[in-house]
Amino acid sequence: MTPGSPPPRPAPDPAPTADQATEDAMSNATTVSPAHSASTASTLITNIAALVTNDPSLGDGTPLGLIRDAAVAIEGDRVVWTGDQSKAPATDNRVDAEGRAVLPGFVDSHSHLVFAGDRTEEFNARMSGRAYSAGGIRTTVAATRAASDAELERNLMRYLAEALRQGTTTFETKSGYGLTVTDEARALRIAAAHTDEVTYLGAHIVSPDYADDPAGYVSLVTGEMLDACAPYARWIDVFCEKGAFDGDQARAILTAGKAKGLHPRVHANQLTYGPGVQLAVELDAASADHCTHLTAEDVDALANSRTVATLLPGAEFSTRAEWPDARRLLDAGVTVALSTDCNPGSSFTSSVPFCVALAVRDMGMTPDEAVWSATAGGAAALRREDVGRLTPGARADLVLLDAPSHVHLAYRPGVPLVSAVWRAGVRAV
């Protein structure tokens, strides 16, 4: 498995034949199947200096499938054509990119956006020398329980709008700041109104209400709480870490979730070496997230599985912790995703461009690898093929940069380079 080849799964649209794929690669252009209605308005974005398609059969043949002097055509909510602008089809509308770069919308596959309050004082203390631990989550739990549904939804929408302005068009978000049956279920219900990628994280930490009975809390998470939460979620997650849940507890929680039709994700090996990564691979989790402290056996297990290693550099930035070694993972053939981990405690950023810059500067990734991981890698971590790429049949999620190349995301850190965003074919920014 290479960084340019996410785990295979059935595509949402009919795939081209091998002969057609060869012809497409030779002509440096592709078209969609005729399933799209001719009556749907179409738009051509042209005069693109560099188009990231994430299809290695196109353009320069790299995992990014970079096409120079390119154009991309949208019809309805789908991409219907990409290629050399000189061969672009006629469309109803045209947008001039004016020599800028276009890439797929970012896929943020790990965030915690249903919460109330912040932890400014904790951050300030940590930057003044106090070490980070899992226990600070309790502060957010108290604030979240006290908030109304309307307050939680307003907060969620605020952070989603913030992320969209920075190019994120697909996002996953979790519960985990309620830790009661009622509060976990309402968090997921609120999240499910805004995204399909909803994760049940009742196993964030042991609830303060069960501080003296962790086994009782595991029973709640795998029983009544799971029953209430499963209808709203696609995924189940657990913080497998010292101070949260050990390997046996995490296995019981994830196994119970699978029995309810939820697919596993794991907070794994963030603060210490531990069983999280091996458990993720054992249970075919879509993603093992953090992956900071890895043994050779952990890396080998990831490289020989479908489980994506999702790296969250915002957490290391905010906690002054050891950086994950992305270079080690990539060289071993592990599929890597980059995500924000946006949460009020350990990574209060919604900016994927910021995380791309951190990954290049401090985690050993090249700009190409970081951009791929923040788009196609995030899609792989959600087991999606309709996002994270700009090829016919994909959802028309595009980011227009105020720059001639995607490399500027790392080259010009902190600069607001996203000048326009299309989500599902509609210009949203």
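**Helix packing and local detail**

Q: Which residues of α4 are buried?
A: Leu152, Asn155, Leu156, Tyr159, Leu160, Ala163 and Leu164. Buried means under 20% relative accessible area, exposed is over 50%, and partly exposed is in between (1.4 Å probe, protein chains only). Helices (H or I, at least four residues) and strands (E, at least two) are DSSP runs, numbered from the N terminus.

Q: What kind of model is this?
A: A predicted one: local features need pLDDT of at least 70, side-chain atom pairs count only at pLDDT 80 or more, and totals for chains, interfaces and linings use all residues. Residues are numbered from 1 along each chain as its sequence is written, and side-chain values use heavy atoms, with hydrogens and water left out.

Q: How does the end-to-end distance of α4 fit its residue count?
A: The two agree. Helix α4 covers residues 149–165, 17 residues, and at 1.5 Å a residue it should span 24 Å. Its end C-alpha atoms are 24 Å apart. The expected span is 1.5 Å times one less than the number of residues.

Q: What comes just after α4?
A: Glycine 167, with a positive phi of about 100 degrees.

Q: And arginine 154, buried or exposed?
A: Exposed, because its relative accessible area is 53%. Arginine 154 is in helix α4. Its C-alpha lies 9.5 Å from that of valine 114, 40 residues away along the chain.

Q: Over to strand β7. How accessible is glutamate 172?
A: Glutamate 172 sits in strand β7. Its relative accessibility is 0%, so it counts as buried.

Q: Which residues is glutamate 172 in contact with, leaving aside neighbours within four places in sequence?
A: Asp108, Ser109, His110, Ser111, Glu197, Thr199, Arg265 and Leu382.

Q: Zoom out. How many helices and strands does the chain have?
A: The protein chain has 15 helices and 17 strands. It has 429 residues, and 57% of them count as buried. Among contacts between residues at least 6 apart in sequence, 72% join residues at least 24 apart.

Q: Helix pairs next. How do α6 and α8 sit?
A: The axes of α6 (residues 214–222) and α8 (residues 247–259) come within 9 Å and cross at roughly 15 degrees. That makes α6 roughly parallel to α8. Angles under 35 degrees count as roughly parallel, over 145 as roughly antiparallel, 65 to 115 as roughly perpendicular, and the rest as oblique. Axes are lines fitted to C-alpha atoms, for helices over the stretch in contact, and angles run from 0 to 180 degrees between N-to-C directions.

Q: Left- or right-handed, as α6 passes α8?
A: Right-handed. A crossing is right-handed if the near helix is turned clockwise from the far one by less than a right angle, and left-handed if anticlockwise.

Q: Which residues meet there, from α6 and α8?
A: Pro214, Val218, Val221 and Thr222 of α6 meet Gln249, Ala252, Ile253 and Ala256 of α8. By class, the contact has six nonpolar, two polar and no charged residues. Ala, Val, Leu, Ile, Met, Phe, Trp, Tyr, Cys and Pro count as nonpolar, Asp, Glu, Lys and Arg as charged, and the others, Gly among them, as polar.

Q: What about lysine 260: where does it lie?
A: In the loop between α8 and β10 (263–264). Lysine 260 is partly exposed, because its relative accessible area is 45%. Leaving aside neighbours within four places in sequence, it is in contact with Leu226, Asp227 and Ala230. Leucine 226 is 34 residues away in sequence and 8.1 Å away in space, C-alpha to C-alpha.

Q: At what angle do α13 and α14 cross?
A: Roughly 140 degrees, with the axes of α13 (residues 352–362) and α14 (residues 367–381) coming within 9 Å. That makes α13 oblique to α14. Val352, Val356, Ala359 and Val360 of α13 and Pro367, Ala370, Val371 and Ala374 of α14 make the contact. Eight are nonpolar, with no polar and no charged residues. The crossing is right-handed.

Q: What is the phi of asparagine 269?
A: Near 55 degrees, a positive value in a residue other than glycine. Most residues other than glycine have a negative phi. Asparagine 269 lies in the loop between β11 (266–268) and α9 (276–282). It is buried, with a relative accessible area of 1%.

Q: And what is the phi of arginine 383?
A: Positive, about 50 degrees. Arginine 383 is in the loop between α14 and β15 (398–401). At 8% relative accessibility, arginine 383 counts as buried.

Technical notes:
Contact = heavy atoms within 4.5 Å.
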